[in-house]
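Here's a quick tour for anyone new to reading protein models. Have a look at the picture first, then work through the notes below.

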Amino acid sequence: MRAIEFHEYGGPEVLRLVEATEPGPGPGQVAIDVAWAGVNFADVKARAEGYRVDELPYRPGLEVSGRVRAVGEGVVGIEVGREVAALVDGGGYAEVALARADAVFPLPEGLDPRTAATLPTVLPTAHALIHEVGRLRAGESVLVHGAAGGIGTAVGQLARAAGAGAVYGVASTEAKAAYALEYGYDEVFLPDAFVEDVRRATGGRGVDLVLDPVGGETLRRGLGALAPFGRLVSFGNAGGGAPWQVGQPELYGQGHSVAGFSVLTLARTAPAAARALTERALRTVSEGTVTLPVTAEFPLADAAGAHRLLGGRGSTGKLLLRVED
């Protein structure tokens, strides 16, 4: 089978198309003939700096869609030939991928495999940020960094559906800001002065919820955009800055709270909770609450092209690899 691997860390050019042995499912696993693979910033960080990489060579890819090829011992309720989407612990950039059975989701009626490949990481993350972790209530306001990305476009729609009083975003360019406005946002700001822009937009009050995938100094500055009793949720460190820590002195004054979320970590440490979250999130697509735009697709052999686009911060929406010929 064809697969994409890297044998050293570096730029997109280290991604190699290789011929590999098709993996067979072990106990509790499902083998999937991959039709589409999602491309995530975590894949870029894995290739560039070894994020979540245990050893080399490494095959990236965290989410796929396709048909069940085979099931391992102990797997029930998943039929060979069934169209599915799955969260995988690496290995998605390949014609055959393995997934734990509890991270494999049959496609609901009307959901095509191309769209389904955008869902396993993005949609549960967006749902958790608004509901389970962010706990947004009707009438509250939210600020979302990375508003034009895959998670950002889903979060904007979910926040609007949850009855948010105002949905604000942050995007790195004017073009991205204009794009995000199509997905539930009232205003989208540029990064340099987002705290001042939030205060202006809210009459000095601040927002009830800030969602941040950037980390570092941006995360720290987010406290300044919060209203009294506001919540700040970190869900990544895309900026690559040093980890930021906060303590009681910064939080006590206005009753602020800070939380974090990673769907990949949840899937490893609490798979039942991750599955329930994903099932709730998938319903928002089948019900028409959320649409996830695919803004670019690449053949498997050009995974490097997808990484260049995503790593260059020029992309919007979701990127996919077309694996099935």
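In this predicted model, strands β8 (residues 141-145) and β11 (residues 207-212) run in the parallel sense and pair over three bridges. If you want one spot to look for, Val142 has Leu209 in β11 as its bridge partner.

- Zoom out and you'll find an open sheet of six strands with parallel pairing, in the order β10-β9-β8-β11-β12-β13.
- β10 (187-189) and β13 (257-260) each have a single partner strand, so one side of each has no neighbour in the sheet.
- Neighbouring strands here are turned by 20° against each other on average, ignoring direction.
- Helix α6 (residues 194-201) packs on the sheet and touches β8, β9, β10, β11 and β12. Its direction makes about 155° with that of β10.

**Aromatic rings**
- There are four aromatic pairs in the structure.
- One of them is Phe6 with Tyr58, a tilted pair at 5.5 Å centre to centre with 50° between the planes.
- Phe6 is in strand β1 and Tyr58 is in the loop between α1 and β4, so this pair ties together parts 52 residues apart in sequence.
- Phe6 is buried at 0% relative accessible area, and Tyr58 counts as buried too, at 14%.
- Phe6 and Tyr58 also form one aromatic cluster with Tyr9.
- Tyr179 and Tyr183 make another tilted pair, 5.3 Å centre to centre and 40° between the planes; both are buried.

**Charges over rings**
- Lys45 has its charged end over the ring of Tyr51, 4.9 Å from the centre.
- Arg114 lies over the face of Trp36, 5.7 Å from the ring centre.

Technical notes:
Residues are numbered from 1 along each chain as its sequence is written. This is a predicted model: local features need pLDDT of at least 70, side-chain atom pairs count only at pLDDT 80 or more; totals for chains, interfaces and linings use all residues. Side-chain values use heavy atoms; hydrogens and water are left out. Two strands pair if DSSP finds at least two bridges between them. Helices (H or I, at least four residues) and strands (E, at least two) are DSSP runs, numbered from the N terminus. Axes are lines fitted to C-alpha atoms, for helices over the stretch in contact, and angles run from 0 to 180 degrees between N-to-C directions. Contact means heavy atoms within 4.5 Å. Rings of Phe, Tyr and Trp (its six-membered ring) pair if their centres lie within 6.5 Å; planes under 30 degrees apart count as stacked, over 60 as edge-to-face and the rest as tilted. Buried means under 20% relative accessible area, exposed over 50%, partly exposed in between (1.4 Å probe, protein chains only). A charge sits over a ring if NZ of Lys or CZ of Arg is within 6 Å of the ring centre and within 35 degrees of the ring normal.
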